[in-house]
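Have the viewer open while you go through them.

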Amino acid sequence: MAGPGYGKRSAPDERPRTDRDFAHLLPRDAAVAAYIDRLPDGSDISVKTLAKHLPYGQCALRTTLNRLQDAGHLRRGSECVITDKVMLWVTRSFFSRTAREDDWWNAYTRGDAPPDEPQRPTRSRAFILLAALGRTAPVLTLSAADCLHLEPRVAEWFARGATEAELLHALTHGLPSPVHCAARLVERRLLDKLPPERVLPGPRAVLRTLECGECGVPGPPGALLGGLCRPCRGAAPEPPAGPPGTVRPTGVRDRMNAVRAGLVPRSERARR
């Protein structure tokens, strides 16, 4: 394990593990990625530490980590950790079992990376609570139609910050005997005991940055394509000018000199 607060940090919204997670990688890269994927958060995944536990040298592991970064599984960077006593920046290696694009990693540094495949439950939280109400108070067992009718009322409680325990207490505490109409009683209590709106704290600003995997220089979102800064990526190749086979303007003179050098003088051609 790395020092407190340092080391591996798993990306959010990971899909369940399968046997084909890293099949698109080279065998050595896939083996190292599978090993890192199963390590708990906070593990030291530096080259020196991995070399102590895996049958690969430091140079091979450094190459593999660079490939994992280029494939979208790994990013290196820093994150601000705030406690009651101190605020400090810690170095982390962010790992994702799912290969992510640069746009996703840029959004992750801002704290607003969306899940790849949002999954909506078949039933809402309010409907599930109403359907299970009879387990807490059998006299309040509701039908499916009753749950659908009362679902918006319970959703309003949740929107105001009420917890499930608070809702169950409000609906089941001090029930009359007998209960003639469970749905009517639940609806009446949901209306009469509706709590006031609560001022919930806003989302905490995420302080996180990514660094170039080659030189370690931090960069703004969008500047670290493939996890590398512009100088480390090198100059982009210039697009070819003209049709295929066209000689660049800077190479025309050299090409003509080569052609002239290969020509046979007229006097020699006459002899032949």
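**Notes on the model**

1. Start with the surface. Ile82, Met87, Trp89 and Leu207 make a nonpolar patch of about 420 Å². Patch members have over 30% relative accessible area and no salt bridge; like charges are joined within 9 Å and nonpolar side chains (Val, Leu, Ile, Met, Phe, Trp, Tyr) within 5 Å. Areas are Shrake-Rupley with a 1.4 Å probe, and for residues only the protein chains shown count as cover. Met87 belongs to strand β3 (residues 87-95) and is exposed because its relative accessibility is 55% (exposed is over 50%, buried under 20%, partly exposed in between). Helices (H or I, at least four residues) and strands (E, at least two) are DSSP runs numbered from the N terminus.

2. Some ground rules. This is a predicted model, where local features need pLDDT of at least 70, side-chain atom pairs count only at pLDDT 80 or more, and totals for chains, interfaces and linings use all residues. Residues are numbered from 1 along each chain as its sequence is written, and side-chain values use heavy atoms, leaving out hydrogens and water.

3. Confidence, then. pLDDT (the predictor's per-residue confidence, 0 to 100) averages 81 over the chain, with 80% of the residues at 70 or above.

4. Have a look at Arg28, in helix α1 (residues 27-37). Arg28 touches Tyr56, Ala60, Thr63, Thr64 and Arg67, leaving aside residues up to four places away in sequence (contact: heavy atoms within 4.5 Å). Its C-alpha is 9.0 Å from that of Ala60, 32 residues apart along the chain.

5. The structure holds 10 salt bridges (a Lys or Arg side-chain nitrogen within 4 Å of an Asp or Glu carboxyl oxygen). One of them pairs Arg67 with Asp29, closest N and O atoms 3.5 Å apart; this links helix α3 (residues 58-70) to helix α1 across 38 residues. Asp29 is buried, at 3% relative accessible area, while Arg67 is partly exposed at 35%.

6. Arg125 and Glu164 meet at 3.3 Å, N to O, so helix α5 (residues 125-131) is tied to helix α8 (residues 164-172). Glu187 and Arg153 bridge at 4.0 Å, and this ties helix α9 to helix α7 (residues 144-159).

7. Lastly, Arg17, Asp37 and Arg97 are linked in a salt-bridge network.

How values were computed:
Buried means under 20% relative accessible area, exposed over 50%, partly exposed in between (1.4 Å probe, protein chains only).
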